[in-house]
Structures are given as C-alpha cells and as structure tokens.
Amino acid sequence: MMRCSVVGAGAWGTALADLLTRNGHDVLLWAYEPDVVESVNKRHENVRFLGGNALSPALRATGDIGHAVEGAELITLATPSHVLRSIIRSASKSVTASAPIVVASKGIEKGTLSLMTEVAEQEIPGAIVVALSGPSFAKEVVACQPTAVVVASEKDGAAEIAQRAFSSSYFRTYTHTDVIGVELGGALKNVMAVATGIAEGLGLGFNARAALVTRGLAEMTRLGLALGAEQSTFAGLAGLGDLVLTCTGSLSRNRAVGVEVGKGRALEEVLRDKETVAEGVVTAQSARELAAREGVEMPIVDTVNRVLFEGQPARSAIAALMTRELRAEVDR
C-alpha cells in the first residue's frame, strides 16, 4: 500500500483516485471546488463532475493542496491543462522529491507549447515524471469496466511503479518509454474528435468520420516524428486507441462540442453549457502553433482552428479540406 495523492477532482481525476483506493492505496484527492470535497467525503460521490457513480468509501478529499501532496509516495496530476502549471507551482514545496509524478492531464500549454510532463518538470526540477494516457472514459473506469492505458517514463523503474499502482482486474496498464508520443497522442486526439464531431453535426456520414480519423492519425504521427516520438506509439493505445474512442464514443466531450458547432451553434454558446473542459478546443490553437514551429503540415488541425476561432462556416471548411491539392497517402 502507498500513500497516494490525486490532484484534480474532475471526472478523470476522481476516477483515477477511486481506482487507486480500490487497489488498496491510501488516497487523498485534491479538489478546487469546496462542494466537491464535501460531496466526496460525505456522500462518497462527486455529484458535480461524476454524478450517479458511487465512489469507494475509503477515498478522502481535501481543498488544501499542500496537505494533499505532503508525504505522498505517488502523485497523480489530472487538472485541466491550462491550469496545470499554476497548480503544480502552488504544490511544489510540499512534494517529496522521490515521489513519481504521474501526469494524466492531456494538452499542449498555450504560449510555451510545452507538453504536460514538461510543465511538471519545469515547475519541479528533477521530478520523476510519468505520462499516463490511453482510451479511457472516466465514467467507464469508475464503473469498473475493462480499460487499458499506457504509462510512459524515461526514468528507470518509474513507469513500473505507476503500472503496479494502477493495474487491477479491470484496469490494465502497459509501460512505455516514449513520453512524447504518448503525450502527443493524448493531446491531439481531442482536436481530431472536435473535427469528427463537426462532420457529424453537418450530417456527414461514416465515410467522412473514417477519413478524418485515419488522416488525423497521419497528422498526429507526422508531428510526433518531428518532435522525436516513435512512429509505433501512434499505432498503440495512446494513439489509435484513444483517437478511435474519442472520435466515436458517445461520452466524448470533444466530439460533443464539435457536433454542436457543426449544427451551427457558436462556440461560446456551446462551451457556456458545459461544466467540464473540452481539451480539444484549448489544444487546437497550441497544436497549430507547434506544427508551424516544426514545419509540419496539419490540415485537419488548421480546419478546426478556422471553424472555431476564425469564423469559417463548417461546411465550407470541410469542402476546402476535401479539395486540397492531391497527394500520395504516405509521406516519402
């Protein structure tokens, strides 16, 4: 048994905290919202972000970030990507240097274009960082539905520590060393899910969805290779697996946002109705900037940005995507 801390009590952080608790660990979950702390401690349920799902009675929550991480032997970060840096900074003085930090947040930081593990390493120099990603809806994890993910680290033994902590009879965890590939897969698939949602909202068919998923994977792989990732990673759970789930699953927040935009609703209006963050919207601009920096062509990412932020009608944007200059399928 380990003393574990999970920072971030949205649906994903809560599901991971519940998983660790059910695995026999002593877990303290940090929540920004006081009502979430009260709900977890008194009702054993996260009513705000994961309502209707019973949590382990042994799981405890706190609103004190220093208390949450102090003495923890394993720390998991599951906050929205755009606040991860500030939250790590506020907790850094209480973090035990030897404790592996599992980064379950998915995104590319605006401005710095840093991946989430890079943000953690910048705020806690010398940190033992592990990336966790893969096809995993929080509601299915907390319902103990079979799930498989990847934990990746360049530090000897760190991924294996996380693997042992999270693995259970219903949650299978594979190890990897390609941190960049695992993280990029988790971040970019959200942008592709917005794209497939837009196509669905327009009333386009399964052919269009399949094309967007497949060509989206090609874009993700191109950027990954430019940044030093391994091509095979994008054919695995953190790449293709997570991409398929998020682009097709009815529980996908990013796909749902895209559907509403495709139907003609303004992005601001769609987001106003959402309690939880759709990371694909946040990541779209950063992904475009990162691709431009690396000289990588990402037409689907460009299209999502034009629709979300530049006022291009969704139907004409998809038409422009379909009438681009003809080319070979495989880069040479």
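Helix α15 supplies the largest share of the lining of the largest cavity, three residues. Helices here are DSSP runs of H or I of at least four residues and strands are runs of E of at least two, numbered from the N terminus. The model is predicted, so that local features need pLDDT of at least 70 and side-chain atom pairs count only at pLDDT 80 or more, whereas totals for chains, interfaces and linings use all residues. Residues are numbered from 1 along each chain as its sequence is written, and side-chain values use heavy atoms, with hydrogens and water left out.

A pocket is an open set with protein on both sides within 12 Å along at least five of seven lines, and lining residues have an atom within 4 Å of a point. Grid points are joined across faces, edges and corners, and a volume is the space filled by probe spheres set on the points. Two cavities of 30 Å³ or more are present. The largest cavity contains about 50 Å³ of space, and its lining consists of Ala195, Ile198, Leu212, Ile300, Thr303, Val304, Ile318 and Leu321. Two or more of these residues come from each of α9 (179–201), α15 (299–309) and α16 (314–322). Residue classes were assigned with Ala, Val, Leu, Ile, Met, Phe, Trp, Tyr, Cys and Pro as nonpolar, Asp, Glu, Lys and Arg as charged, and the others, Gly among them, as polar. On this basis the lining holds seven nonpolar residues, one polar residue and no charged residue.

Among the open sites, the largest pocket has a volume of about 1,100 Å³. It is lined by 45 residues, of which Ala11, Trp12, Arg253, Thr276 and Val277 are the closest to its centre. Two or more lining residues are given by each of α1 (11–22), α3, α7 (138–142), α9, α11 (237–248) and α12 (253–262), and the largest share, four residues, comes from α12. The lining comprises 21 nonpolar, 14 polar and 10 charged residues.

The second largest pocket has a volume of about 470 Å³. Of its 20 lining residues, those closest to the centre are Ala211, Arg215, Leu321, Met322 and Arg324. Elements contributing two or more residues are α10 (206–226), α15 and α16; α10 gives the most, with seven. This lining divides into 13 nonpolar, no polar and seven charged residues.

Helix α2 (residues 34–43) was examined for the placement of its side chains. Its buried residues (under 20% relative accessible area, with exposed over 50% and partly exposed in between; 1.4 Å probe, protein chains only) are Val36, Val37, Ser39 and Val40. Viewed down the helix axis, the buried residues of α2 fall within an arc of 165°, taken from the directions from the axis to the C-beta atoms, so they line one face of the helix. Pro34, Lys42 and Arg43 are exposed on the other side. The buried residues pack against β2 (26–30), α3 (47–50) and β3 (60–62), contact being defined as heavy atoms within 4.5 Å. Histidine 44, which follows α2, has a positive phi near 55°.

Salt bridges were assigned where a side-chain nitrogen of Lys or Arg lies within 4 Å of a carboxyl oxygen of Asp or Glu. The count by this rule is 22. Arginine 209 is partly exposed, at 22% relative accessible area, and glutamate 200 is partly exposed at 30%.

Key: 1 Å grid on protein atoms, 1.4 Å probe; cavity = no way out; pocket = protein on both sides within 12 Å on 5 of 7 lines; lining within 4 Å.
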